[in-house]
Structure formats: C-alpha cells, structure tokens
There are 2 protein chains.
Amino acid sequence: MEELIERIRLEGRIIGDTILRVDGFLNHRVDPILMRKIGERFALLFKDEKVCLVLTLEASGIPPALFTAFALNVPMLFARKRKPITLGERVLERRITSRTKLEETTITLSGDYISRGDRVLIIDDFLATGETIKALCEMVEEAKGEVIGIGVCIEKTFQRGRDRLQGYRIESLAKVDSLKPLIVRP
Amino acid sequence: MEELIERIRLEGRIIGDTILRVDGFLNHRVDPILMRKIGERFALLFKDEKVCLVLTLEASGIPPALFTAFALNVPMLFARKRKPITLGERVLERRITSRTKLEETTITLSGDYISRGDRVLIIDDFLATGETIKALCEMVEEAKGEVIGIGVCIEKTFQRGRDRLQGYRIESLAKVDSLKPLIVRP
C-alpha cells in the first residue's frame with residue numbers, strides 16, 4: 001500500500017535494533033483517513049472469506065481493526081492486556097512478552113464472543129516475532145473458531161514472524177526488510 | 001442518543017455497585033456501525049468549535065474517538081496507560097486510579113503532538129468520577145492546548161464526574177442515573 005509505505009519512509013524513526021517508531025500516524029497519534037483506507041484494503045483482500053468477526057489486541061491494533069470491521073459490516077473484538085474485573089466468567093488467556101514494554105503480559109478475551117465455527121480475521125498494526133498474533137490464533141481455536149486470515153499494517157520481515165504462523169494466510173500492507181538502513185517495500 | 005440508550009437497556013449488565021458492563025458493543029466487542037453514529041453525533045455537537053485534535057485514553061475510548069476524529073477530519077491521539085519505550089522525550093504524565101482494574105496507573109502522552117493553542121476535544125466511553133478525564137484536561141493544558149469540550153458515550157451521573165469538571169462543556173449521549181434499578185435517559 002503505497003501511501004502507508006510513503007508515511008513510514010517519511011515519518012518512521014528507528015529506536016534500538018528492532019523498533020520502528022510510527023507514533024505520528026499509527027500507534028499514538030492516529031490518522032483516521034489513512035486508517036480508513038487500510039481498513040478498506042483489508043476488507044477487499046478478505047472479502048470472499050465470509051468473515052464474521054475481526055479480532056485484534058488493544059490498543060494500537062484497534063484503529064485498523066475497527067475500520068476493517070466497519071467495511072466488512074461485522075463486529076470487532078479486542079483482546080485486553082490485563083484482566084479487567086468486568087470480563088465475565090468464560091475467559092481465554094495467554095502469556096506474551098511485550099517487545100516495546102519489555103515485560104510479560106497476560107492477554108485475555110471473553111469466551112462469550114467467539115463461538116464454534118466463527119470465521120475470524122485477525123488484524124494488528126505490526127507483525128514482528130509473531131508471538132502476539134500466534135496467541136490470538138490459539139485463543140480463537142480454543143473457542144472452536146477458525147482463523148481465516150491475518151492482516152497486518154507493517155510486517156518487520158527480519159523478525160521472521162511468518163515462520164511462527166505457518167498455515168495461516170497473512171497479508172501485510174508494508175514490509176520492512178531492514179531498519180538500518182530503512183528498507184520498506186509493498 | 002436513542003439507539004445507544006436502547007442498547008444499554010437491553011444488553012447492559014450491572015456488576016457490584018458502580019460498574020455497568022457493556023462489553024457486548026462498546027468496550028470489548030465493539031459495534032462499528034454504532035460507533036460511527038456516535039462519532040458523527042459528537043462531530044455535529046462540536047462542529048463550530050474548530051477542533052484540531054481528538055484526545056482519548058486507551059483502549060475503550062479509541063473506537064468513539066476515532067470515528068469522531070474521522071468525521072471532523074482531524075487526527076486522534078490516545079493517551080497510554082503505561083509508558084512504552086517508544087514514546088520519545090517530551091512526556092506528559094498523571095497518576096490515576098482505574099475503577100475497573102482496582103489499581104493505580106500512570107497515563108502518558110507524548111508532548112510532541114499537542115502544541116500551544118491547539119483546540120482539543122476529549123472523547124471517552126464513560127464519565128464516572130471524572131478522574132481520568134480531569135487528568136487528560138490537565139495534560140492538554142500543561143502543553144498549552146485548550147480543551148474545547150468533552151464528549152462521553154455514557155455518563156454515570158450518580159458518580160458526579162461533572163463536579164470535578166466544572167468550567168468545561170460536557171456532552172453525554174446517555175445518562176445513567178442509577179444502576180439498581182437501571183435508569184437511563186438522554
């Protein structure tokens with residue numbers, strides 16, 4: 001997606017060896033016009049998959065996931081990074097390591113909102129090591145739903161997340177092959 | 001807003017003395033069509049205010065804030081509940097107590113994205129005690145921006161958040177006067 005790639009080239013900043021900071025338009029300040037275009041792109045890519053739910057992880061996955069769900073006219077569900085006391089009884093959970101906050105987190109999801117046979121599209125801002133998205137896939141499958149695909153805005157190919165997600169269809173809108181120098185391609 | 005009020009009456013569940021669980025359409029599973037209508041309503045209410053930024057707090061404030069920002073054609077900024085290592089140097093922060101997670105949290109915002117004179121609209125899912133929204137107001141003012149108004153989807157009037165936010169224009173789309181019994185009005 002040319003517009004996203006251009007924004008990454010112009011505004012992305014590199015922190016350390018693995019972090020690409022894009023908080024001017026994607027994960028802190030958010031450009032809603034760009035997010036809508038991203039949502040429409042994912043909806044088009046997965047239009048034949050009979051998606052019934054879009055799933056993401058709070059917080060920065062929510063903007064692209066919400067516009068994807070809007071374009072597909074289905075609900076959006078976001079996993080939480082801590083267990084709020086309002087989550088109810090049937091809880092799905094997994095431990096993951098946050099790459100940008102350097103700590104372990106438990107991600108949780110109410111089992112009330114995924115049912116057997118549900119066709120779930122997972123959307124996130126980044127694909128890095130694939131650990132988070134793999135956890136989301138496992139939670140869907142634990143609830144007997146089916147992951148019909150994964151859409152990510154930015155894939156950091158050098159962190160090899162695809163290796164962890166073999167067997168799933170993955171669509172990324174911008175691929176970052178290297179940070180130093182910054183190499184971005186469709 | 002009649003549609004929101006109807007959803008609260010039909011789907012809201014009461015937990016303890018102060019919590020209204022609406023995670024079927026607002027803050028866990030999200031109805032994007034309803035969120036878009038909410039965003040359009042806020043945009044209409046504040047259309048003459050020359051808003052240049054919509055501010056919210058992750059995660060459940062993001063859906064209504066994003067559609068409000070989309071309708072106003074301005075960026076959306078979300079405060080974070082922990083300080084990610086990607087946030088940059090100029091950081092604004094405040095301590096708040098989360099009502100639904102029963103612990104203290106630091107909320108943070110990059111000072112890079114609010115400038116002197118910016119006209120900021122704050123959007124959130126709930127107004128309860130007003131502590132969170134008051135913290136957001138203080139952060140905007142610390143950066144020399146101006147809070148031109150506050151829009152919340154659901155105001156729990158019995159928690160008296162307005163008392164803490166005197167001097168600000170507040171628009172709420174549904175007012176909950178009592179949980180037991182559940183009393184909701186426009």
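How many residues of chain B are in contact with chain A? I looked this up before anything else, keeping in mind that the model is predicted. I got 31 residues of chain B, in contact with 31 residues of chain A.

**Entry: the B side of the interface**

I checked which elements of chain B supply at least two residues each to the side that touches chain A, and got β2 (19-21), β3 (29-30), α2 (32-45), α3 (62-72) and β5 (76-79). α3(B) has the largest share, with 5 residues. Sorting that side of chain B by class, I noted 19 nonpolar, 4 polar and 8 charged residues.

I then followed the strands. They form an open sheet of 7 strands with mixed pairing, and I wrote the order down as β11(A)-β10(A)-β9(A)-β8(A)-β4(A)-β5(A)-β3(B). The edges are β11 (183-185) of chain A and β3 of chain B; each has a single partner strand, so one side of each lacks a neighbour in the sheet. On one face I looked for a helix and found α1 (residues 2-11) of chain A packing on the sheet, where α1 touches β9 (146-156), β10 (170-178) and β11 of chain A. The direction of α1 makes about 30° with that of β10(A).

Next, the pairings of β5(A). Strand β5 (residues 76-79) of chain A is joined to β3(B) by 2 bridges, and the two run antiparallel. Here A:Leu77 stands opposite B:Arg29. With β4 (residues 53-57) of chain A, β5(A) runs parallel, joined by 4 bridges. A:Leu77 turns up again in this pairing, opposite A:Leu55.

**Entry: α2 and α3 of chain B**

At what angle do the axes of α2(B) and α3(B) cross? I read roughly 55°, with the axes coming within 7 Å. Angles of 65 to 115 degrees would be roughly perpendicular and those under 35 roughly parallel, so α2(B) is oblique to α3(B). I noted the crossing as right-handed. The contact residues include B:Met35, B:Ile38 and B:Phe42 of α2(B), and B:Phe67, B:Phe70 and B:Leu72 of α3(B). By class, the contact divides into 10 nonpolar, 2 polar and 2 charged residues.

**Entry: B:Leu136**

Is B:Leu136 buried or exposed? I counted 26 C-beta neighbours inside 10 Å, so B:Leu136 is buried, the cut-off being 20 or more. B:Leu136 sits in α4 (residues 131-142) of chain B. Setting aside neighbours within four places in sequence, I found B:Leu136 in contact with B:Leu55, B:Leu57, B:Ala79 and B:Ile122. I also checked B:Leu45, which is 91 residues from B:Leu136 in sequence and 20 Å away, C-alpha to C-alpha.

Notes
Residues are numbered from 1 along each chain as its sequence is written. Chains are lettered from A and ligands numbered from 1 in the order in which they are written. This is a predicted model: local features need pLDDT of at least 70, side-chain atom pairs count only at pLDDT 80 or more; totals for chains, interfaces and linings use all residues. Two residues are in contact if their C-beta atoms, placed from the backbone, lie within 7 Å. Ala, Val, Leu, Ile, Met, Phe, Trp, Tyr, Cys and Pro count as nonpolar, Asp, Glu, Lys and Arg as charged, and the others, Gly among them, as polar. Two strands pair if DSSP finds at least two bridges between them. A residue is buried if 20 or more other C-beta atoms lie within 10 Å of its own, exposed if 12 or fewer, and partly exposed in between; C-beta atoms are placed from the backbone. Axes are lines fitted to C-alpha atoms, for helices over the stretch in contact, and angles run from 0 to 180 degrees between N-to-C directions. Angles under 35 degrees count as roughly parallel, over 145 as roughly antiparallel, 65 to 115 as roughly perpendicular and the rest as oblique. A crossing is left-handed if the near helix is turned anticlockwise from the far one by less than a right angle, and right-handed if clockwise.
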